[in-house]
Amino acid sequence: MTAPPAPDRDTESGPFWQGLAQHRLLLQECPACRRRRFPRMPTCPYCGTDGGEEVEPPGTGTVYSWVRVERALTPAAADQVPYCVATVDLDGGGRIHGRLEPPAAARIGMAVTPVYVDHDDWTELRFAGPEGGG
Amino acid sequence: MRAAVAGVGYTAFSRDSGRSVLSLATEACRRAVDDAGLDVAAVDGIASFRVMDDSVPAQAVATTLALPGLRFSVDADMGGQAPCYLVWLAAMAVETGRARNVLVYRALNGRSGARVGTMRFGGMGAQFRYPIGYDAYMMYVAMWAQRFVYETGQGEEDLAAVAVAQRAYAVDNDRAVRRRPLTLQDYLAAPHVVHPFRADDCTVEVDGACAVLVTSLEQARDLRHPPAVVASGAYRAGPRPGLDIGDHALWDDYTRNYTSHLRDDLFGAAGLTPGDVQVAQIYDCFTSTVLIGLEGLGLCERGGSGAFVRSGATTLAGRLPTNTHGGLLSEGYLHGMNTVGEAVLQVQGRGGSRQAARHEVAAVTSGALMDGSALILTADR
Ligand SMILES: [Zn+2]
């Protein structure tokens, strides 16, 4: 299998990737309005308050939407199809995209649990449906 | 002073132009000026846009057109959100006397050169998408489409209806790249590429250029064709449009795009309502954006866009002829500049065999997701 490209981390995103490497999901929560956010950024995108408090939700959530790649759009993806990417509304707040397994099980409203997949130099957050997978 | 679009210019659309982007841009701009019947030396403004540096800047076209000078120049780092926005900016420059005659163009070798379909959209959010294989614009629009059809109670036959209706227009359009007739059965027989999209849900990338000439209404009345008056324009991004063009993790509602947000500004400034629109040109990099756009602008009811298209309402015989060039789906992906061009031709009554019978008020949109723009063009009345 072709190794996926490692993420181009930056100053803002560093703690997120470091957390995944330890199989922990770290999100920022606004100290004023208490909304959680992803991706990481220096202010709250809901109320503008500076900073964020680190929270560690369980990574469970609900599928808001999904797509299934059935024909590879790039040569790198040729040996991975079919695969599914879901938009997941995390329990406690925050929305994130991740691979959903197994791809055939995808449906909106489905409860999912986190799966941490270690690659050579980064860790990926995936999600598993009730039928398992991962 | 009011502004109007007076001319439209196109190059041929092809899969391999064999030409420079600068040559394509120059040809389309010159054709737009000639179409209007204006002396090119009177052009004093140019606006264009590009995605990931895939085009040439306005100053280069000012040079190749041998213009005496520019009073207005914009190179927007935007995709398909830009065409209506730039025409609106040009109209405001003309209305306020800052410029007299402004060209707005899009030029690219979008097929033989860098292709948006597989282009990497860099930016701060890219690190969260590319490593997980969420790596094509098609996937982002598909993610919205999946939620949209689910939440509004629609389905694959509604997406299909858009592709089928628009292809019927393209059959009669010499400029269109896809002209083979398409039936619902053909559509459904094809496999998914990225569920819920099949190949016929997707635009066709091309090499080419399109330009329009914006001038004062007063001057447009003395030129070759009837003016297409810029009655209003609007740009809107909703809250939390994200870190870059492909980042929608913070967008709340994938069933409503910028069209829902700009509708009141757009119609309010024109003193019109959605019910007044006689021709619509809705941005369609994918079929779903037509449905979301028709609903967002209030041209049909929420959840009713698929039934609206399936009823024949968007055909020439229907209540609201829509995407009469075949759209980006069939004519080709000039990132919505050709969508504006078609609206101008319709308002001017120059649609030929694709001309809508009622064409005094046209709505045009630019963009698919978090932000975008729109215009109301009207006949001179
Ligand atoms: Zn806040």
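Tutor: The four donor atoms around the zinc ion subtend angles of 103 to 121°, so the arrangement is tetrahedral (four donors count as such if all angles lie between 85 and 135 degrees). For four tetrahedral donors the ideal angle at a metal is 109.5 degrees. The model is predicted: local features need pLDDT of at least 70 and side-chain atom pairs pLDDT 80 or more, while totals for chains, interfaces and linings use all residues. Residues are numbered from 1 along each chain as its sequence is written, chains are lettered from A and ligands numbered from 1 in the order in which they are written, and side-chain values use heavy atoms, without hydrogens or water.

The donors to the zinc ion are the SG atoms of Cys30(A), Cys33(A), Cys44(A) and Cys47(A), at 2.3 to 2.4 Å. Donors here are N, O and S atoms within 2.8 Å of the metal (3.2 Å for Na, K and Ca); water is not among the atoms, so sites may look incomplete. Along the sequence, the donor residues follow the spacing C-x2-C-x10-C-x2-C.

Pro39(A) belongs to the loop between β2 (36–37) and β3 (53–55) of chain A; helices (H or I, at least four residues) and strands (E, at least two) are DSSP runs numbered from the N terminus. In chain B, His195(B) and Pro196(B) are likewise joined by a cis peptide bond, with omega about 15°. Pro196(B) sits in the loop between β5 (192–195) and β6 (197–198) of chain B.

Now to the helix packing around α10(B). Axes are lines fitted to C-alpha atoms, for helices over the stretch in contact, and angles run from 0 to 180 degrees between N-to-C directions. Helix α5 (residues 137–151) of chain B packs on helix α10 (residues 287–296) of chain B at about 55°, with the axes 10 Å apart. The pair α5(B) and α10(B) is therefore oblique: angles under 35 degrees count as roughly parallel, over 145 as roughly antiparallel, 65 to 115 as roughly perpendicular and the rest as oblique. Among the residues that meet here are Val141(B), Ala145(B) and Phe148(B) from α5(B), and Leu291(B) and Ile292(B) from α10(B).

Helix α6 (residues 156–170) of chain B meets α10(B) at about 100°, with an axis separation of 8 Å. This makes α6(B) roughly perpendicular to α10(B). On the α6(B) side the residues include Leu159(B), Val162(B) and Gln166(B), and on the α10(B) side Ser288(B), Val290(B) and Leu291(B).

Helix α9 (residues 258–270) of chain B packs on α10(B) at about 30°, with their axes 8 Å apart. The two helices, α9(B) and α10(B), are therefore roughly parallel. Thr259(B), Ser260(B) and Arg263(B) of α9(B) meet Ile292(B), Gly293(B), Glu295(B) and Gly296(B) of α10(B).

Two further residues of chain B share neighbours. Ser48(B), in strand β2 (residues 45–49) of chain B, is buried at 1% relative accessible area. Beyond four places in sequence, the contacts of Ser48(B) include Tyr105(B) and Arg106(B) (contact means heavy atoms within 4.5 Å). Met337(B), in helix α13 (residues 337–348) of chain B, is buried at 0%. Tyr105(B) and Arg106(B) are also among the residues that Met337(B) touches, together with Phe49(B), Cys210(B) and Val212(B).

Finally, two loop residues of chain B other than glycine have positive phi. Phi of Arg240(B) is near 55°, and Arg240(B) lies in the loop between β8 (228–237) and α9 of chain B; its relative accessible area is 16%, so Arg240(B) is buried. Phi of Asn323(B) is near 50°, in the loop between α11 (305–310) and α12 (327–330) of chain B. Asn323(B) is buried too, with a relative accessible area of 0%.

How values were computed:
Four donors count as tetrahedral if all angles lie between 85 and 135 degrees; four count as square planar and six as octahedral if opposite donors are over 155 degrees apart and all others between 65 and 115; anything else is irregular. Buried means under 20% relative accessible area, exposed over 50%, partly exposed in between (1.4 Å probe, protein chains only).
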